[in-house]
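Subject: Structure for your review

Dear colleague,

Please find below the structure that I am handing over to you. I would be grateful if you could read the notes that follow it alongside the coordinates.

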Amino acid sequence: MKTRKEKTGFRIPDLSRAAGPISSIVAIAVGLMIGFIILLISNPARALEGFAWIIGGGINSAKDLGNVLYYATPIIMTGLSVAFAFRTSLFNIGASGQFIVGALGAVLVGVKCTFLGSFQWVVGLLAAMVFGAVWALIPGLLKAYNNVNEVISCIMTNYIGMYLVNWIVKSTVYHQLTNRSLPVANEANIPKLGLDKLFPGSSINGGFIIAVLICIFAYILLNKTTFGFELKACGYNRFASRYAGISEKRSIIMAMVISGAMAGIGGGLLYLAGSGKYINVEDVLAPEGFTGISVALLGMSHPIGTLFAGLFIAYITVGGSYMQLAGFVPEIIDIITATVIYFAAFALIMRNLLQRFRLRKGGERT
Amino acid sequence: MEYIIEMRDIVKDFPGIRANDHVTLQVRKGEIHALLGENGAGKSTLMSILFGMYKPDSGSILLRGKEVHISGPRMANELGIGMVHQHFMLVHNFTVLQNIILGVETTQNGFLKMDEARKKVVALSEKYGLKVDPDALISEITVGMQQRVEILKMLYRENDILIFDEPTAVLTPQEIDELMDIMKGLAAEGKSIIFITHKLEEIKRVADRCTVLRMGKCIGTVNVADVTVEELSEMMVGRKVILKVEKQEKEPGRPVLEVRNLTIRDHKSKSRKNKVHNLSLTVREGEIVCIAGVDGNGQSELVQAITGLIPADEGQIILKGEDVTKKSIRYRNTHGLSHIPEDRHKYGLVLDYNLAENLVLMEYFEPRFQSRGFLKQKEITAYAEKLISQFDIRSSEGARTRVRSMSGGNQQKAIAAREISRNPDLLLAVQPTRGLDVGAIEYMHGQIVKARDSGKAVLVVSFELSEVMNLADRILVMYEGEIVANVKPSEVTEKELGLYMAGSKRSEAV
């Protein structure tokens, strides 16, 4: 009982043994239940049918499964971005801005640099990574050197990023008629790697594989390297880290840069997917960045957990789109999926409840 | 109704461990009853049960002869049980009075009736000789005074069973004397006191009876007057304990640490005195230098400047002949400096890391623990296991135990193991035995003496006079950022040291 809560500010979600996955699953179940109640209220007669679509729509066909993977790809990346920053006790709410700035990098290369040939998509993704990283560097520097709260600066960079991208798109790769960016060259699209044969008719491409690889990379980085050791140590206890000679500033900056790079790659993966995505010139923040927060929370800020959380949310989204067949209007569908995601993100609270339960049964002895 | 409180045959199991094994505690009205035991002996668990924070697996609690089931701290309070925690529960930007009435405000039509409360507080303060100013801000009074506010809080709530959880750990010798008087006064007024401690002299001084716990078992309850300190410590530890530090005379060698004219200003309030003022000291090979003094006289700043956590405003810090004043923390850590910090939770450990990770916290970047940026898990675990057995660090899951779940004594052992094993030239230990029990203190002192005997320079900062007198080859007393005495323990009495510490005496030979 004498264990003191450190006053390092943010409580860091992490995966503590079995409590992690279990609480995520419990949270998902609660979310689905509440979603079902909303369905019952809006249309009792066909609620069950609609609910069946949410649950089963994602595996309705190979195409749907492929689309689940396709939708999951960008939010896995933004989720990973948020989760990575969480581990250093930074709340990267700026994934949205980094995502769209990264997308801009990818689209610029994708439209302009046709001379790169079959390397164009690779360079496009690298550009997305660098753009995202640079965009996250700003709040990182502000935090490290001027102690500016990263939440505030991230929110600001979100808007600045959005308008900046609109302006650059308009002045470089603009298609006036559709009010969006020009289509990227064919070589700029990420190779399908035969996945389109496996999941015919879906928008899936090699981007999903890249996202999975980056999740594994993040896991190794966090858990197997001295660099990850330093990042996490700073996140858990920056005082003890300083005393151990770890540079707190460097850790904050690096964590933000890597976090931004991941969100940027997410933007690149979506806009180079060859699925007919263009950067629309409109005053809307990229929603993928905020979904990333849910993904990170549901995934308990663990890279592999984030992978599954992203898949789950994509699955619900695809399933939800089928609810129209049961006579639900799109608005209700959005409400349902949002509810499920919202409650699923309570995984953290579930974990705390589980831990308290364990503690009451007996736990730490002081 | 012989006993005011009786805990009968209490059993409490935690996974893998029995924290209380048929423990019986019987407290008489108006007595000071000491509860003695090592860290992890089950004292805290027992008190948590009394406070309703844990439910006992079996056994019963009788209050004034009637069986009660205490459901939580609130109910404990209603039954008249109050506690002064080790870490005070005070709102720092509130006044004393506001803190005392917090939660039990008397109101009229929703407005506070402070006058009545003030009268009551002043009356209580006078009755028990607490001398507390009800309008002072908590942030501006001393730790000793803060503790008295905690005592007043209990009295204001008309508690008559008062639990003191290691109350002397944060006090100066003079404050301890005063606290002991206050406790005696409270008992004389019919309050019953449970005094949790592992300091044997204090038990001898104030307690009437003493219940000893060891490894969750009740070893016995004795009349304090009938036993010696040695007998008590043997009951507690289960073997004979050497309370006196055994060490041979040793001629100090070359200087390892030299601090020259160090000044650290008070950056928060420019008007105040310097935190450390023009301070010089030297620590040599094979020498234990102890800095005595009341907490807050610049010791923390001095230590932080030596370790590199804060920059020196003026002066130099020289380690093995090299000026390290401007060097990084890591540079100092890898060039002969080891540091057992004052606040082990804040600076010493990453509580959410496991034991192995904490044991390599200072060395994870060395080639033996990493190659090309990848941690060598096997080597780290093997190294951790070596230290765990060598230093007898106890935990539930060995190297994989989360440090947060370990007992305070074992956390401290882990830090000591890490720092001593790095084979430093200078060991800087701040309050190395704070919160440790006799067995662990003996061990810690043994380790420090061993380090000194192997030719290391040791600088210890301690607020406990007995520790300073016991351990030091040379004593420096710090008062208001300056060293006011430089003496050998054989040439000085505890009383004299107390005077130096209070600033009323100054030695010429500084």
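Predicted model: local features only at pLDDT ≥ 70, side-chain atom pairs only at ≥ 80, totals over all residues.

Interface between chains A and B

The interface brings 49 residues of chain B into contact with 34 residues of chain A. The two chains bury about 3900 Å² between them, and 53% of this area lies on carbon and sulfur atoms. On the side of chain B, the residues that lose the most area to chain A are Tyr353(B), Tyr364(B) and Arg404(B), which together account for 15% of what that side buries.

As for specific interactions, 15 residue pairs are in polar contact between chain B and chain A, counting pairs with both residues at pLDDT 80 or more. The count of salt bridges between the two chains is zero. Several elements of chain B give two or more residues to the side that touches chain A, among them strand 2 (17-28), helix 1 (43-50), helix 10 (329-334) and helix 14 (408-421). Helix 11 of chain B gives the most, with four residues. Sorted by class, this side of chain B has 21 nonpolar, 15 polar and 13 charged residues.

The four-stranded sheet of chain B

Four strands of chain B form an open sheet in the order 14-13-16-17, and their pairing is antiparallel. Strand 14 (276-284) and strand 17 (322-323) of chain B are the edge strands, each pairing on one side only. Within the sheet, strand 13 (residues 255-264) and strand 16 (residues 314-319) of chain B are joined by five bridges. Across this pair, Val259(B) stands opposite Ile317(B) of strand 16. Helix 9 (residues 299-307) of chain B packs on the sheet, where it touches strand 13, strand 14 and strand 16 of chain B, and its direction makes about 120° with that of strand 13.

The six-stranded sheet of chain B

A further open sheet of chain B has six strands in the order 18-21-22-15-23-24, with mixed pairing. Its edge strands are strand 18 and strand 24 (482-487) of chain B. On average, neighbouring strands of this sheet are turned by 20° against each other, direction ignored. Strand 23 (residues 474-479) and strand 24 of chain B pair in the antiparallel sense over five bridges, and Leu476(B) has Asn486(B) of strand 24 as its bridge partner. Helix 17 (residues 494-501) of chain B lies across strand 15 (287-292), strand 23 and strand 24 of chain B, and runs at about 35° to strand 23.

A hairpin in chain B

Strand 11 (residues 209-214) and strand 12 (residues 217-223) of chain B run antiparallel and are joined by six bridges. One of the paired positions is Val212(B), whose bridge partner in strand 12 is Gly220(B). The hairpin of these strands has two residues between them, and Met215(B) takes a positive phi near 50° there.

Yours sincerely

Technical notes
Residues numbered from 1 in each chain as written. Chains lettered and ligands numbered in written order. Heavy atoms only, no water. Pairing = 2+ DSSP bridges. Contact = heavy atoms within 4.5 Å. Axes fitted to C-alpha atoms, helices over the stretch in contact; angles between N-to-C directions. Buried area = accessible area lost by both parts, 1.4 Å probe. Salt bridge = Lys/Arg side-chain N within 4 Å of Asp/Glu carboxyl O. Polar contact = N/O pair within 3.5 Å; in protein donor to acceptor, adjacent residues only side chain to side chain. Nonpolar A, V, L, I, M, F, W, Y, C, P; charged D, E, K, R; others polar.
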